[in-house]
Amino acid sequence: MNAALETLKERGFLKQCTDLDRLSKLMDEGPVTFYVGCDPTGPSLHIGHMVPFFAFRHLHEAGHRGIALVGGGTARIGDPSGKSEMRKMLSYEQLDANSASIAAQLDRFIGFDGTTAYTENNKDWLADLNYIDFLRDIGRHFSVNRMLSFEAYRMRMETGLSFIEFNYQLLQSYDFLQLYKRRGCRLQIGGDDQWGNIVAGIELIRRVEGAECFGLTFPLVTTADGKKMGKTEKGALFLDPAVTSPYDFFQYWRNVADADVERFLLMFTFLPAAECRALGNATDAGINQAKERLAWEVTALIHGKDEADRALAAAQAAFGGSKAGDVSQIPSRELSGEELDHGMGVLDLFVYAGLVPSKSEARRLVQQGGAIINDRKIDDEKTVVDSSWLDAEGALMLRAGKKRVFRILRR
RNA sequence: GGAGAGAUUCCCGAGUGGUCAAAGGGGGCAGACUGUAAAUCUGUUGGCUUACGCCUUCGAAGGUUCAAAUCCUUCUCUCUCCA
């Protein structure tokens, strides 16, 4: 098999391919242009979006040309694949803003050079389509009977599928056709929920252009306990540091289940496969360290090495005994000296730190023995904390349970 | 357009006049055990309050009643069947 495909397979990226043998042969012959689509439904990508882009990098490094297609046009409709309900429609302005920030995030990760890796926005060819022409040229190639047999639509026959969403597949197929004509794109990659849409595009190109194109999908990544990966208590794991802080991002990977370590190393880092396996097969203290490595590597890829170092230092300070790490890297907030001198109730302090959303929860935390300040367990909710509590660095280290840490700094 | 069913807390889902901040499950959080893991067990899970208690919540707005998630009216939305 072609080396690049072999890499993808070895790292667990391969789920389905329309014709692996012929694709392999084509890739052996020379650089192949491929694309991944991504609809700008939010202002930031989350880690679940990234699987195809990790694959993008593997293929790009192997010398193939990649296009990241931002779906500024298709997002106007909404992809029903894998969704049990219609998603709410976003305004065009919103979509344009999202497109721009997503393209920037992808650029940081992939490094578009404009020749072997670049972005396109399907808004450019979809926004002004003429309905009648589109139906005559493209629509006639689609069989409703066949479309209804796709899993993505069958699923929605129960709950209802609007006509606008039913058209999504035509637009995505048209994208592939456009990229084939404009850029000679021969391969579309994407999550396995895109299989139906990808296959439809390949068929459209065959009918209209008589050319052979390929599709390759990646498995939906779930955690060992069967949850969708990248879900945290605050929602998805976003790439935007303003939404998910690098520290929280790091902690997500740090806390992954043993059984997921190897798989995640293979898919979300670029460490050699053999090393990933060795790390993932470790036990006890070894597997625990492997998680630290995993967390650092992924954080470095998304937020840069500096942020990864900071997150690691903070984590070590928070969990590894106070001397190992760097407490100044733990998430923190300032509190005025005046207020500290007056003293502040513990409940308010925990709310101020954002460790709990309300005083009731803070009270619960104290009652359940999960509230700790500077290694002192708080068992009375009426406790008042003042300047005399400050540690050597003039700070308060608040802990909510064993995993969440926050520092209050005197200003 | 016609007929019927429905909308309950983060999710699913019970509740048909007061004993309802609302059963049960899921999820979340905390504790124990550990390795910042999994599994298991225990507790907890609207807000404010030291506490008695007070306030807000059962699709929306009105109404009946001493008292409404529960009854009535109108509205919005969803689903099923018919056209």
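Biologist: Which residues are closest to RNA strand B, and how many surround it?

Modeller: In this predicted model, 30 residues surround RNA strand B, and the closest are Asn255, Asp258, Lys291, Lys359 and Ser360.

Biologist: Which helix gives the largest share of that surface near RNA strand B?

Modeller: Helix H19, residues 359-367, supplies the largest share, with 6 residues. Helices that each supply at least two residues of this surface include H8 (151-159), H12 (246-254), H15 (284-303) and H16 (305-319).

Biologist: And by class, what does the surface near RNA strand B have?

Modeller: It has 13 charged residues, 10 polar ones and 7 nonpolar ones.

Biologist: What part of the RNA atoms within 4 Å of the protein belongs to sugar or phosphate?

Modeller: Of the atoms of RNA strand B within 4 Å of the protein, 66% belong to sugar or phosphate, and the rest belong to bases.

Biologist: Which residue has a side-chain N or O atom 2.9 Å from a phosphate oxygen?

Modeller: That is Ser358, whose side chain places an N or O atom 2.9 Å from a phosphate oxygen of RNA strand B.

Biologist: Changing topic, how many salt bridges does the structure hold?

Modeller: The structure holds 19 salt bridges. One of them is in helix H19, where Arg364 and Glu361 lie 3 residues apart, about one turn of the helix, and their side chains meet with an N to O distance of 3.9 Å. Arg364 is partly exposed at 42% relative accessibility, and Glu361 is partly exposed at 34%.

Biologist: What about Lys123 and Asp96, where do they lie?

Modeller: Their side chains meet in a salt bridge at 3.2 Å, N to O. Lys123 lies in helix H5 (residues 123-126) and Asp96 in helix H4 (residues 92-110), so the pair ties together parts that are 27 residues apart in sequence.

Biologist: Is Arg407 buried or exposed?

Modeller: Arg407 counts as buried, because its relative accessibility is 5% and buried means under 20%. Its side chain meets that of Asp391 in a salt bridge of 3.8 Å, N to O. This pair links distant parts of the chain, with Asp391 in the loop between strand E13 (384-385) and strand E14 (395-400) and Arg407 in strand E15 (residues 404-410), 16 residues apart. Asp391 is partly exposed, at 26% relative accessible area.

Terms used:
Residues numbered from 1 in each chain as written. Chains lettered and ligands numbered in written order. Predicted model: local features only at pLDDT ≥ 70, side-chain atom pairs only at ≥ 80, totals over all residues. Heavy atoms only, no water. Near = heavy atom within 4 Å. Polar contact = N/O pair within 3.5 Å; in protein donor to acceptor, adjacent residues only side chain to side chain. Helix = DSSP H or I, 4+ residues; strand = E, 2+ residues; numbered from the N terminus. Nonpolar A, V, L, I, M, F, W, Y, C, P; charged D, E, K, R; others polar. Salt bridge = Lys/Arg side-chain N within 4 Å of Asp/Glu carboxyl O. Buried < 20%, exposed > 50% of the residue type's maximum accessible area, 1.4 Å probe, protein only.
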